Amino acid sequence: MILRKFHPGSCRAWFSRVALRQELCFYSSVPVQPVPPLAQTLQGYLRALEPLLPPEELSHTQKMVQEFGKHGGLGPKLQEGLVKRAKHTKNWISDWWVQWAYLESRQPLPVHSNPAISLPRRDYNGWRNQLLFASKLIAAVLDFKAKITTGQLPVEYMRGKPLCMELYPLLFSSCRIPGPKHDYIAYHGRSRQSPTHITVVRNYQFFQLEVYNSDGSRMTESQIHGQLLRIRSQSWKTDKEPMGILTSEHRHTWGQAYNRLLRDKLNKESVRVIEKGLFNLCLDSPVMRISDEKYASRKAAQVLHGGGTFSNSGNRWFDKTLQFVVGEDGSWGLLYEQAIAEGPPIATLLDHILEYCEKPDPKRAPLVPLPMPKKLYFNIGREIKRDIEHAKQNLDILINDLDVNVFNFKKFGKDLPKQHNMSPNAFIQVALQLAYYRVHNEVCPACDIASQRMFRGGRTEFIRSPTNQTLKFILAFDDPSVSREAKLQMLREAVDAYRALTDQALKGHGIDRHLLGLKLQAIEQGLSIPKVFMDTAYGLATHWKLRTGQVPANTDSVMCFGPLVPDGYAICYNPQADHVHFSITAFNCCEETHAETLALTLKNTLCQLQELLQPTV
């Protein structure tokens, strides 16, 4: 809960440093994000509570919401403040959201915050091909960055509307910096001398690798490959302390260790090199292979957190916006920090990388001797050594607590619901609620993520479930007295209701960011937090037991992150035409949640929904 006054300017400063030319290019054609009507949001909030609360609790909350929203009441006054704020800011909620959801959060970044994307295994094994592929990947990312810098990146569209592209230039040379009460973002991409290096990590050792020639041209793949070979020869397994592990700590703890670390001049120089670099490349040792069945889950976990302190977790700097992971066994993926980056822009970047990787290297390497990549050194005193030991213990506890289950559902994909005029995403969301109900004998608050990039500076909004229609369908589905036709009709109604909520969110009329804005507006005005946000119903409604996210991509990738609450799940999915990739995570410390049980139930549920749509008898 936030009780102090916000200073959103500090959060906004890093956004405003993008050059004016880029600014016009990246979001001049998109409208400002509207502040939804207050009555509509309050009505939507009460409707969202109906499937979750018993009648007497709902009645109590209805009176409270009515009091908050009445003419001359506190709600309209706060709404007026938001409308004024919208007139004087680029986006009335995004800065607050980034500050509240990310920068003020004190939880560790691995598992709790940074999402990982695991991609199909490359057809190689061994360090030689690892470095060849890594060279290609670096060249592909530099090619993508060049498109952003020169204004050649095409504007993206959703439902025929242009999207705000402002996040793209911020992906590079940016880093989250820990603080005692809140973090901030350092962005070095527009400094007088823009960084020209990346950071490569192997065997816990960090290297500064220049990726541009002295004339400003990008290095060729063969030049990069030669430099990676040099890095390999300088980074044999040693007893080096895994400095990157420090970034996995609780943010307050890491903030204190960060200040201790930077007291030393050499340490400060090394840390600044990492923070300023365009991105990180993590050259990992192979993922431990137990069985083919569990390999996909291990691979995703490897990208997400590095597999533990005896594996590759020391090859990460979790504060960095972009980290590409390339394993010796062909595993690879991307880890990103959410205060700047988001799923759809990352998916666009990955699509570009995959396309680029199909092409042969177009350039011949110039016969120019290159300087040796610079190894970064750290002075590790007794205090820092102790900090690293504590961080190692805490990260291993967190990793051992996380249950990751990744699977490819092959019976059908997004084409099946489409054939029956249903939204694939809404269909999967209803299936998730049904599967959860079958495991836990209750429905729960669930959030799906909708983009708000159709608005200037827009970030995300939640789409809530379950709806009344979903609950009605769930209760009827396993009832043998209800006919197939009635069940099918209820399924359609549940899918349509979810689709309507999605449409509302995409128009900027979702309820969750608006409710948060009203709460933060009260704090901004020095008022006590309104009673409606202290109500147990609001606590229940925002205790997200299902954190979900559809991340569609042009490849068989899967996103993975941890649950938002200790007794919850996180479910990501990538629907393809004839199959769907899922990742489910849960915490082992909670006896009620079990990722594998939910995964098996979800597979069974999807098969039964297919039978409902296309009966075989």
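Predicted model: local features only at pLDDT ≥ 70, side-chain atom pairs only at ≥ 80, totals over all residues.
Biologist: What do strands E4 and E5 form, and how many residues lie between them?

Modeller: E4 and E5 form a hairpin, with six residues between them. Strand E4 covers residues 174–177 and strand E5 covers residues 184–187; they run antiparallel.

Biologist: Why are E4 and E5 called paired strands?

Modeller: Strands, like helices, are DSSP runs numbered from the N terminus (strands: E, at least two residues; helices: H or I, at least four). Two strands pair if DSSP finds at least two bridges between them. Four bridges join E4 to E5, and therefore the two count as paired.

Biologist: How confident is the predictor, on average, in the protein chain?

Modeller: The average pLDDT of the chain is 93, and 94% of the residues score at least 70. pLDDT is the predictor's confidence in each residue, from 0 to 100. Over residues 1–25, however, pLDDT stays under 50. For that stretch the model has 55 contacts beyond four places in sequence, a contact being heavy atoms within 4.5 Å.

Biologist: What is the order of the strands in the sheet of eight, and which of them stand at the edges?

Modeller: The eight strands form an open sheet in the order E11-E7-E6-E8-E9-E10-E1-E16, and the pairing is mixed. Strands E11 (374–375) and E16 (558–560) are at the edges; each has a single partner strand, so one side of each is left without a neighbour in the sheet. Inside the order, E8 (residues 280–284) and E9 (residues 322–327) run parallel and are joined by five bridges. Leu281 has Phe324 of E9 as its bridge partner.

Biologist: Which helices lie on this sheet, and how do they run?

Modeller: Helix H7 (residues 127–149) lies across E6, E8, E9 and E10, at about 155° to E9. Helix H13 (residues 343–357) packs on the sheet, touching E1, E9, E10 and E16, and its direction makes about 150° with that of E10. Such angles run from 0 to 180 degrees between N-to-C directions, with axes fitted to C-alpha atoms, for helices over the stretch in contact.

Biologist: What makes up the sheet of six strands?

Modeller: The order is E12-E18-E17-E15-E13-E14, an open sheet with mixed pairing. From one strand to the next the twist averages 20°. E15 (residues 546–550) runs parallel to E17, and five bridges join them; Gln550 stands opposite Tyr573 in E17. Helix H14 lies across E12 and E18, at about 40° to E12.

Biologist: How many cavities does the search of the whole structure find, and why are they called cavities?

Modeller: Three cavities of 30 Å³ or more are found. On a 1 Å grid over the protein atoms alone, a cavity is a set of points where a 1.4 Å probe fits but cannot get out, whereas a pocket is an open set with protein on both sides within 12 Å along at least five of seven lines; lining residues have an atom within 4 Å of a point. The largest cavity holds about 70 Å³ of space. It is lined by 13 residues, and Ile117, Val551, Ala553, Ser557 and Met559 are the closest to its centre. E17 gives the most to this lining, with three residues.

Biologist: What is the volume of the second largest pocket, and which element supplies the largest share of its lining?

Modeller: The second largest pocket has a volume of about 1,100 Å³, a volume being the space filled by probe spheres set on grid points joined across faces, edges and corners. Its lining has 43 residues, of which Lys294, Ala296, Ser297, Arg298 and Val404 are the closest to the centre. Helix H12 supplies the largest share, 11 residues.

Methods. Residues numbered from 1 in each chain as written. Heavy atoms only, no water.
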